[in-house]
Amino acid sequence: MPELPEVETVCRYLSLQLPGALVLGATLRRADLRYPIPTRAVQALEGHRLSAVRRRAKYLLLDFEPAATALIHLGMSGRLFTTPPTPDWQLHEHWRLHLRSEAGLLDLRYVDARRFGCLDILRQDAKVEHPLLAVLGPEPLGPGFSAAELLRQTRGRQAPIKAWLMDSHRVVGVGNIYASEACFRARVHPLRAVTDLDLQDCQRLVASVRAVLEDAIAAGGSTLRDFVGGDAKPGYFQQQLAVYGRGGEPCQACGAPIERSVLGTRATYCCPNCQL
Ligand SMILES: [Zn+2]
């Protein structure tokens with residue numbers, strides 16, 4: 001499943017190619033993904049100019065002049081990429097935007113076998129935020145996610161630390177793997193209650209969440225050239241993981257066996273010696 005670092009990588013890849021491009025038209029092969037697609041609003045992008053590509057949580061936001069924004073989510077298996085125009089459609093390809101950029105004609109294509117993704121169009125002058133965005137907590141790499149805020153919000157709360165980090169109302173984009181890895185780097189046990197965190201724990205945790213995500217984004221950045229080189233399959237990159245998926249293996253720091261447990265329905269990994 002595409003996680004925040006993968007979506008950030010796609011965002012950077014598209015930011016290199018799309019701004020300035022004129023929309024020549026759209027082709028939709030179905031009227032819904034996870035939610036209905038506003039087909040007329042998508043068709044009405046014709047004649048608009050794409051001005052920016054942004055990311056909020058795991059949503060991609062494509063801004064168009066004069067006044068529209070496309071909201072795109074990759075769901076469980078979505079891929080968004082560009083190629084020169086071609087009459088051939090891939091299996092599970094659901095929509096295309098036909099563009100003319102400085103580099104020539106270009107199709108922005110969306111392929112999604114499981115169809116949990118979404119495509120919606122918002123008006124830029126809308127007074128209210130899109131309901132899918134309005135419920136989101138702060139960005140983990142932004143100033144809204146801080147040790148002081150984390151300490152303040154967690155007083156008296158009994159949720160396990162890992163569950164808190166994975167709750168998108170608290171902070172967005174910290175998936176199961178990244179939550180396990182961040183707890184290991186911060187040397188906090190993922191199943192401890194959040195109210196037990198002190199300021200130093202919060203500082204280490206915030207720094208670790210950021211470091212884990214930034215490392216993953218950097219790993220994605222190293223494959224960016226392949227994306228831009230016209231490879232239509234931006235394979236989601238693997239990161240070096242210290243604990244995730246390593247149950248029973250020796251901890252890199254102390255040699256104790258990594259413990260695997262299940263929190264909710266999700267596998268959790270930690271070193272019982274290093275993480276208190
Ligand atoms: Zn250890």
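**Rings and contacts**

Reply: Arg96 has its charged end over the ring of Trp89, 4.3 Å from the ring centre. Keep in mind that this is a predicted model.

Me: Ok, and ring on ring: how many aromatic pairs does the count come to?

Reply: The count comes to two aromatic pairs. In one of them, the ring centres of Trp95 and Tyr110 are 5.5 Å apart and the planes are at 10°, so that pair is stacked, given that stacked needs planes under 30 degrees apart.

Me: Where do Trp95 and Tyr110 sit in the chain?

Reply: Trp95 is in strand E6 (residues 93–101) and Tyr110 is in strand E7 (residues 104–111). They are 15 residues apart, and the pair links distant parts of the chain.

Me: Is Trp95 buried or exposed? And what about Tyr110?

Reply: Trp95 counts as buried because its relative accessibility is 3%. Tyr110 also counts as buried, at 0% relative accessibility.

Me: Switching over, what's the geometry between Tyr244 and Tyr269?

Reply: Tyr244 and Tyr269 form an edge-to-face aromatic pair, 5.1 Å centre to centre with 70° between the planes.

Me: Which parts does that pair tie together?

Reply: Tyr244 lies in the loop between helix H8 (224–228) and strand E9 (259–263), while Tyr269 is in strand E10 (residues 266–270), so the pair ties together parts 25 residues apart in sequence.

Me: How does Tyr244 count for accessibility? Is Tyr269 buried or exposed?

Reply: Tyr244 counts as partly exposed, at 22% relative accessibility. Tyr269 is buried, with a relative accessible area of 9%.

Conventions. Residues numbered from 1 in each chain as written. Predicted model: local features only at pLDDT ≥ 70, side-chain atom pairs only at ≥ 80, totals over all residues. Heavy atoms only, no water. Phe/Tyr/Trp six-rings, centres within 6.5 Å; stacked < 30°, edge-to-face > 60°. Helix = DSSP H or I, 4+ residues; strand = E, 2+ residues; numbered from the N terminus. Buried < 20%, exposed > 50% of the residue type's maximum accessible area, 1.4 Å probe, protein only. Lys NZ or Arg CZ within 6 Å of the ring centre and 35° of its normal.
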